[in-house]
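Hi everyone, thanks for making time this morning. I'd like to walk you through one model, so let's bring it up on the screen.

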Amino acid sequence: MTIRSGRRHPTTAGVGRRGLAMALGGALTAGALAACSSDPTQGSSGGGDTGVLNMYLYQKPKTFSPLAPNNGPDQLVMSFIFDSLYGADASYALRPRLAAAAPQVSEDAKSVTFTLKPGLKWSDGKPLTAKDVVFTYNALANPATGSAQAGKFAAVDGAGDLSDGKAASLKGVTAPDDTTVKIVTTRPAAGLPGLIGNIPILPEHVLGRLPVKGLGDDAFFTRPTVGSGAFTFVQYKTDQYVELAANPHHRQPVSIKKVFLKPVTSDVATAQLGTGEMDLAQISPTDLPAVRKLKDVKVVTAKSPGFNRIAVNQSQARFKDERVRQALLTAIDRKGLVDKVLAGAGTVVDSSFYGDLAPSGAGYPYDPEKAKSLLAAAGWDSSKPVTLSWVPGQRDRDTAATVIQNQLKAAGVNVELKQVQVDELLSSYEKKSYDLALFGGGNYATEPSTVATIAACDQAYPAGGNVAHFCDAGLDGLLKKADAVADPAARKGVFQEAAKVENTKVPYLWLYNPDTIWAYRTRLSGFEPSGVPTNEVGFWEQANWKLG
């Protein structure tokens, strides 16, 4: 990541250990104490600065590019600096952003029309028009740019020719005028608006002159100073903070002058919330009793449509038998994880489909003996170790990894733990070199066909988000069938069928939907809690946030 030199971060604290411990009633780890100890080189605390918001970023970002594979912290930052046609609000409903109204889908679900709000501008004052949308969708659909999102455009007319290098653009994506985008597909694709409508739009006047090949690697995506979100990118000081400033050309006035997103561990974020250095943080359920005692701090919660899961690398022969994956799921006490690790603030899930689309019934209750029996029937070799990888820093995942290791070992699976950073994890997906990987996030409530991006055969990473390299023709067929139905009620029935198939095949080890618990200083208003801080959507309407 390119680093721009500049002044010191005005919000880094000079706070002693005693003050931090008192702020959280002693509920602070050694790591948090060390990270927040007094540092005379950093100056005084900026907590409470007028117009400056300090907020928690749960991991270090990698790149700020919608062409790149989805990565939670990247998506969260991009939700501040880029805008999309639509976004999911705090209730996970698809709402217009750059678009003026809901998308118009034809009766045969083979054409979609988007209408933009008039008078939109980029942060540099240049007009934002339908041509920018066409440019963005062509870049996303073209593998030559390095796009990991090309699979989402497979149904669009001309996608095959673009992918094969036989055409320079998508035949089915046009801009009849400055505020209209029309998309024509080769097959019914009722879920297309939900798949692509929330992807950030890119500025053609900045990127359109660059070579198509390798566009995603351009330096712009390490310092994207032109966007259409509520804030503009200022700098990323690696491992310390991302600095943003209010966008003077946003479609509505932005009250907050500066935002600093700080990639720290959850315990440090909670500690800084207590000292006033952090205005907004997602907190661990185990810290909730202490946080509720903090002065001038408000706590809000939201149900999450994203879920924590373990990807099972099915490019390895030993994981291809669905009985092995069923056994691994059965060997994990998922209800125990929710009760003990999340302090009850979560829900066990048995499908990637959300809510009433998911199968009802017993699911996969904790049963070590049944797990052993399934593994034996599948011919499992218990002498061969299995590595469980994850990015550390979130307390529930850190604890869950150790618990899961012990429970799988009890069932005859020799698990070794491996902490990795984001780059290493993403590289292992592409190289197919990992065994098991613990991660979470995603929004499968707004548009159920989004499940295809993590489970469909043609979405295998890096072309899509199917990091498990799972493939089932039956599930693919049902997802395509749902796309061919425009009526919401009829689509629901098909998705429920798909959820039953997915539940049997176990493409991932579903763990739980964690409730998200947000805590913020009372000087912040207008913040709506979302259950998904890590998905493609990011936050909702940051322009409405205000600091008192």
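Let's begin in a loop: Gly 464 is found between α15 (452–455) and α16. Helices here are DSSP runs of H or I with at least four residues, strands are runs of E with at least two, and both are numbered from the N terminus. Gly 464 is buried, with a relative accessible area of 8%; buried means under 20%, exposed over 50%, and partly exposed in between, using a 1.4 Å probe and protein chains only. Gly 464 and Ala 452 are 12 residues apart in sequence, and their C-alpha atoms are 9.1 Å apart in space. If we leave aside neighbours within four places in sequence, Gly 464 is in contact with Ala 148, Thr 453 and Gln 459, where contact means heavy atoms within 4.5 Å.

A word on what you are looking at: this is a predicted model, where local features need pLDDT of at least 70 and side-chain atom pairs count only at pLDDT 80 or more, while totals for chains, interfaces and linings use all residues. Residues are numbered from 1 along each chain as its sequence is written, and side-chain values use heavy atoms, with hydrogens and water left out.

Now the overall picture. The protein has 17 helices and 21 strands, and of its 548 residues, 58% count as buried. Among contacts between residues at least 6 apart in sequence, 72% join residues at least 24 apart.

Following the chain on from our loop, we reach a pair of helices. The axes of α16 (residues 473–483) and α17 (residues 488–505) come within 9 Å and cross at roughly 170 degrees. Axes are lines fitted to C-alpha atoms, for helices over the stretch in contact, and angles run from 0 to 180 degrees between N-to-C directions. So α16 and α17 are roughly antiparallel to each other; the cut-offs are under 35 degrees for roughly parallel, over 145 for roughly antiparallel, 65 to 115 for roughly perpendicular, and oblique for the rest. Among the residues that meet are Leu 475, Leu 478 and Leu 479 from α16, with Val 494, Phe 495 and Val 501 from α17.

On to the sheets. Six strands make an open sheet with mixed pairing, in the order β14-β18-β13-β17-β15-β16; two strands pair if DSSP finds at least two bridges between them. Which strands stand at the edges? They are β14 (346–348) and β16 (415–419), each with a single partner strand, so one side of each is left without a neighbour in the sheet. From one strand to the next, the twist averages 20 degrees. Inside this sheet, β13 (residues 308–312) and β18 (residues 508–514) pair in the antiparallel sense over 4 bridges, and the bridge partner of Ile 310 in β18 is Leu 509.

Helix α11 (residues 334–341) packs on this sheet, touching β14 and β18, and its direction makes about 170 degrees with that of β14. Helix α13 lies across β13, β15 (386–390), β16, β17 (436–439) and β18, running at about 165 degrees to β16. The 16 residues of α13 (395–410) should span 22 Å at 1.5 Å a residue, and the end C-alpha atoms are 23 Å apart, which agrees; the expected span is 1.5 Å times one less than the number of residues. Buried residues of α13 include Ala 400, Ala 401, Ile 404 and Leu 408. Just after α13, Gly 412 takes a positive phi of about 100 degrees.

There is also an open sheet of 4 strands, β4-β5-β7-β6, with antiparallel pairing. A hairpin joins β6 to β7 through 2 residues, these strands share 3 bridges, and Asp 177 stands opposite Thr 180 in β7.

The largest nonpolar core has 70 residues, with Phe 80 and Tyr 137 making the most contacts inside it. By nonpolar core I mean a set of buried Ala, Val, Leu, Ile, Met, Phe, Trp, Tyr and Cys residues joined through side-chain atoms within 4.5 Å. Helix α4 gives the most to this core, with 8 residues.
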